[in-house]
Amino acid sequence: MSDTSTRNGAPGAVVPGRIPLRAGPVSLVWRPRTLFVPLLTLGVLFLGVLVNCGRGDIDIPVGDVAQALFGGGDEGNRMVVTELRLPRSVTGLLVGAALALAGAVIQGLARNPLASPDILGITAGSGVGAVTVIVFGGAYGGVGGTLASVGIPTAAMAGGLLAAVAVYALAVRRGLSGYRVLLVGVGVNAILTSVLSWLLLKADIVDAGRALLWLNGSLNGASWDTLQPVMWTLLVLMPVALLLSFPFGALVFDDDTARGLGVRMTATRVALLFTAVLLTAAATAAAGPIAFVALACPQLAVRLLRTGTPPLLASALIGAAVTVWADVLGRTAFGNIELPVGVLTAALGAPYLLYLLIRSGRARTS
Amino acid sequence: MTETTRTPSAAPQDAGAVRPEVRLRAEGLTLSYGERTVVRELDLDITNGTVTAIIGPNGCGKSTLLRAFGRLMKPTAGTVLLDGRPIHGIPTREVAERVGLLPQSPAAPEGLSVADLVARGRHPHQSWYRRWSSDDEAAVEQALRATGMFELAERTLDELSGGQRQRAWIAMALAQETELLLLDEPTNHLDLAHQIEVLDLVRELHLTTGRTVVVVLHDLSLAARYADRLVAMKDGRVVAQGAPSEVLTEDLVAEVFGLRARVRLDEETGSPLVIPLSRHGAKAADGA
């Protein structure tokens, strides 16, 4: 399908390092990394799902899990794997993909590897929304039925959007890049975190317990029903994000240069920000605020693919794989104690954040 | 504005249709950042195929004017016409196909390769599915060769010297293949040799491709030598415009910059040279 020949008839690239891949009106630059890294990630992700589905009250060998997933093997295994255990892994991979995609978009928008929905307070906004429903929605842990399945995601989205609008309104006047937006985000985050504490203090003990578990970011109790909102959000927003990835690529530049290249900055930004907020909120609603996936995975993707902006698709895949494997680790690495996935990602992500901070500090002083 | 223009022959004052050779026109242009007005009721024509240098002291509004020419700023009053049409009525992308702009200090990730940077200049000609057509390839190759950056195409930006970096950015603007090129202090932070290198490049581009160039420059002698036309600005207004030898006089330097200077014609090039004089008289008092 590709025509890699050039006008001179010589194979390869006319411009060094940019090998063309063309078919009809479609054209792109061929980079082995943009194909192989996502493929490899898919493999790692699939393996993670197999291992994760094997883990439970009765451990099932990976080979049998694979058979069960493809509709073969023992019928009992098949039931356990697809009905009981698979939803947990699928929720994990959807949530991870959504968070990492949101993180990639926000980091590109802010032109800052330290920006992420967690740090900008969007995740905390979703948390406030969801916890409000958990705490006030019904006495004594009584949130259930429609209120839980529709109310919590809706409240999480509303909270996330409000937080994003607040950050945008406070920071946008001087442009959305640089440290100003981060500082504003940290401030908004602090306010929302204290609101969360207040909510937890006001709640009765059962609700508070439930809210706390949720706030840790856990895939426990995931079912085919609870993963619906995040699945649909991702199904709709993933193509949107990929369409937006074209103007997104020009956002590596300062505003004037990007505008000079014909990017409609305000429209592009608002669309991207909206996408990121919805993804974060949907993911947070499904599994609680799973820390650092949105921050670390896009940077991992940048380093693996060696791109200027966080690559959207690869970030999402890496987010999915990291979250599923963090869940596997949390369930298996500590004997009988199962740690929520959010604790694991936080434990892995925090040192990484420190590393980024130290590195950016060094780049500044040198 | 008539009283501020010393060369009436160069400033078309007829209120009729815009002559076709006028590519960019500022009409009663007022530009402000919030409350602060930077350019006031300015009229200026940029003629096809010329190299125009805008000179003036810091804060005189020259960069702001350039931003308005590139549609990066909405005027508070007046309009900018691109080929006779109000530039703000033209879609962003169409402007980007006709006007290339290099801001004063453009920013890009340091890990970006030169080839990738220059390829981004093709953005207005691309779409989400058409990202590296043979036209793109040809334009980028040509831009890299014209700027002497072809051999360095696979280097990343942090591996380049200041002059090479500036040439890479100019290559990006060239790859955009616009007939108009707006350059905001392209020689900023460069040593003298690199300044000459960049200006030679601009001159060469103009001669070989007939591009219309508007460039903001600080060095008066260099501006006079490389531009067909000089536009001198002060306090957001055009003080003088025309051929360098007509515009660049001792009186003008005194008026615009508040600086005593001697202006001599260079024997070899015939263009005016500005020799600034100290405020303290013939011999500068060191450490005063």
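1. Residues 24-260 of chain B form a span whose end C-alpha atoms lie 33 Å apart, and this span is 36% helix and 26% strand; helices (H or I, at least four residues) and strands (E, at least two) are DSSP runs numbered from the N terminus. An unreviewed UniProt entry places the feature "domain: ABC transporter" at residues 24-260 of chain B, and such annotations may be inferred rather than shown by experiment.

2. The model is a predicted one, in which local features need pLDDT of at least 70 and side-chain atom pairs count only at pLDDT 80 or more, while totals for chains, interfaces and linings use all residues. Residues are numbered from 1 along each chain as its sequence is written, chains are lettered from A in the order in which they are written, and side-chain values use heavy atoms, with hydrogens and water left out.

3. In chain B, six strands make up an open sheet of mixed pairing, in the order S6-S7-S8-S3-S9-S10, where two strands pair if DSSP finds at least two bridges between them. Strand S6 (99-102) and strand S10 (237-242) of chain B each have a single partner strand, so one side of each is left without a neighbour in the sheet. Neighbouring strands of this sheet are turned by 15 degrees against each other on average, direction ignored.

4. S6(B) pairs with strand S7 (residues 180-184) of chain B in the parallel sense, over four bridges, and B:Gly100 has B:Leu181 in S7(B) as its bridge partner.

5. In chain A, the axes of helix H4 (residues 122-136) and helix H7 (residues 205-215) come within 9 Å and cross at roughly 155 degrees, the axes being lines fitted to C-alpha atoms, for helices over the stretch in contact, with angles from 0 to 180 degrees between N-to-C directions. H4(A) and H7(A) are therefore roughly antiparallel, the word used for angles over 145 degrees. The contact (heavy atoms within 4.5 Å) involves residues including A:Ala130 and A:Ile134 of H4(A) and A:Arg210 and A:Trp214 of H7(A).

6. The axes of H4(A) and helix H10 (residues 265-287) of chain A also come within 9 Å, crossing at roughly 45 degrees. The contact is made by A:Ile122, A:Thr123 and A:Ser126 of H4(A) and A:Val277, A:Thr280, A:Ala281 and A:Thr284 of H10(A).

Key:
Parallel < 35°, antiparallel > 145°, perpendicular 65-115°, else oblique.
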